[in-house]
Number of protein chains: 2
Amino acid sequence: MTATIDKEARQDGGELLRLDRQLCFALYSASSLVTRLYRPLLEPLGLTYPQYLVMLVLWEKAPRTVGALGEALGLDSATLTPLLKRLEAGGLVNRKRDPADERRVLIEPTAAGAALRERAKEIPKALSCQLPLSQDEIVDLHGTLTRLTRALREPEDQSAQAG
Amino acid sequence: MTATIDKEARQDGGELLRLDRQLCFALYSASSLVTRLYRPLLEPLGLTYPQYLVMLVLWEKAPRTVGALGEALGLDSATLTPLLKRLEAGGLVNRKRDPADERRVLIEPTAAGAALRERAKEIPKALSCQLPLSQDEIVDLHGTLTRLTRALREPEDQSAQAG
DNA sequence: TTAAATAAGATCGTATGCGATTTAATCGTC
DNA sequence: GACGATTAAATCGCATACGATCTTATTTAA
């Protein structure tokens, strides 16, 4: 018992509070730095990074409702509505009420928005060159993050199984 | 040549543009979801997540200049100045000009800010319980992200060796 | 069938983030 | 010792983010 120092006393909880120990900060930093790499590539296209994400979703399938976009990206209408209005003002998407359900707003790329896709194709290639990680590391990292995201997005699976 | 379809044609560049293929989006999603886990834990302390990061840095060493905080967190004065003013308004930090160099502003926790550290100690524990990853995965992920961050933050090591 | 409940977006207020500029203080050089 | 260059914060403008509320349209139920 003499060698075993009380954990709380030894660490003072301070070890756990060190910035470089926080997974959240590692995520936060990496995310903003990678986003920063996109900026110069997206600027010629007239897109911000979140706008680029919205266009990625729309290029896959359109039209989509604001809600469906939010579902795909993890954003709500408070964020998306102004963003979509800016994309509309920039001539990249159309917004129109769904005639079948006037509550919904359908978003789809305009011709200009669709055309932008061709130029966007260069971005993933250009970007992956700048990432200081091996292919294996990228695949691994992507897999871990996807699992993390999926698990955190699940609503309430805790009733019977949890962890 | 019949079986070998042109790569660009086969993928249409579209594979590369799929949202679920983007490392950036995996990072972006994971980061916001994890940040969201902090919100309910930080709210009782009266802190937002970026404010919590600032306090983590200050709890390690204080006083610090605005610039030093920005260096540690990857933020600039445009973000930090208003944030620090809010922390000051909340009574958690003091801001005063460095007498030795009036350009600098020194930030340090108040007594209340220092005391908050005790309550914050519970947060990393509470949070790690909510992460659906094994210890190994967390360590691995943290390591990869740290390397990524470090590499992306390095300025220009390309010329020869810099330093 | 119509009033209550619900659903989908929009809006408001507040807090980041960041590029660009501004202001004030210090440094370098002559 | 004066003056231009540099540095440190602050400020401005714009674009996310998000909790809370509001409005309108649809669905449910009595």
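Residues are numbered from 1 along each chain as its sequence is written, and chains are lettered from A, with ligands numbered from 1, in the order in which they are written. In this predicted model, local features need pLDDT of at least 70, side-chain atom pairs count only at pLDDT 80 or more, and totals for chains, interfaces and linings use all residues; side-chain values use heavy atoms, with hydrogens and water left out.

View 1. Sugar or phosphate accounts for 76% of the atoms of DNA strand C within 4 Å of the protein, and bases for the rest. The surface comprises 8 nonpolar, 8 polar and 11 charged residues. In this classification, Ala, Val, Leu, Ile, Met, Phe, Trp, Tyr, Cys and Pro are nonpolar, Asp, Glu, Lys and Arg are charged, and the others, Gly among them, are polar. Elements of chain A that each supply at least two residues include helix 3 (23-42) and helix 5 (66-73), and those of chain B include helix 4 (49-60). Helices (H or I, at least four residues) and strands (E, at least two) are DSSP runs, numbered from the N terminus.

**View 2. Phosphate contacts of DNA strand C.** An N or O atom in the side chain of Thr81(A) is 2.5 Å from a phosphate oxygen of DNA strand C, and for the side chain of Arg95(A) the distance is 2.6 Å.

**View 3. Contacts of DNA strand D.** DNA strand D is surrounded by 27 residues, the closest being Thr48(A), Tyr28(B), Thr81(B), Lys85(B) and Arg95(B). Of its atoms within 4 Å of the protein, 75% belong to sugar or phosphate and the rest to bases. Tyr28(B) has a polar side-chain atom 2.6 Å from a phosphate oxygen of DNA strand D, while a polar backbone atom of Val66(B) lies 3.3 Å from a phosphate oxygen. A base oxygen is 3.2 Å from an N or O atom in the side chain of Arg103(B).

**View 4. An aromatic pair between chains.** Rings of Phe, Tyr and Trp (its six-membered ring) pair if their centres lie within 6.5 Å; planes under 30 degrees apart count as stacked, over 60 as edge-to-face and the rest as tilted. The ring centres of Tyr28(A) and Tyr49(B) are 5.7 Å apart and the planes stand at 70°, so the pair is edge-to-face. This pair crosses between chains, from helix 3 of chain A to helix 4 of chain B. Both Tyr28(A) and Tyr49(B) are buried, where buried means under 20% relative accessible area, exposed over 50% and partly exposed in between (1.4 Å probe, protein chains only).

View 5. Tyr38(A) and Tyr52(A) form a tilted aromatic pair, 5.8 Å centre to centre with 40° between the planes. The relative accessibility is 3% for Tyr38(A) and 0% for Tyr52(A). Not counting residues up to four places away in sequence, Tyr52(A) touches residues including Leu42(A), Leu47(A), Ile123(A) and Leu17(B); contact means heavy atoms within 4.5 Å.

Terms used. Near = heavy atom within 4 Å. Polar contact = N/O pair within 3.5 Å; in protein donor to acceptor, adjacent residues only side chain to side chain.
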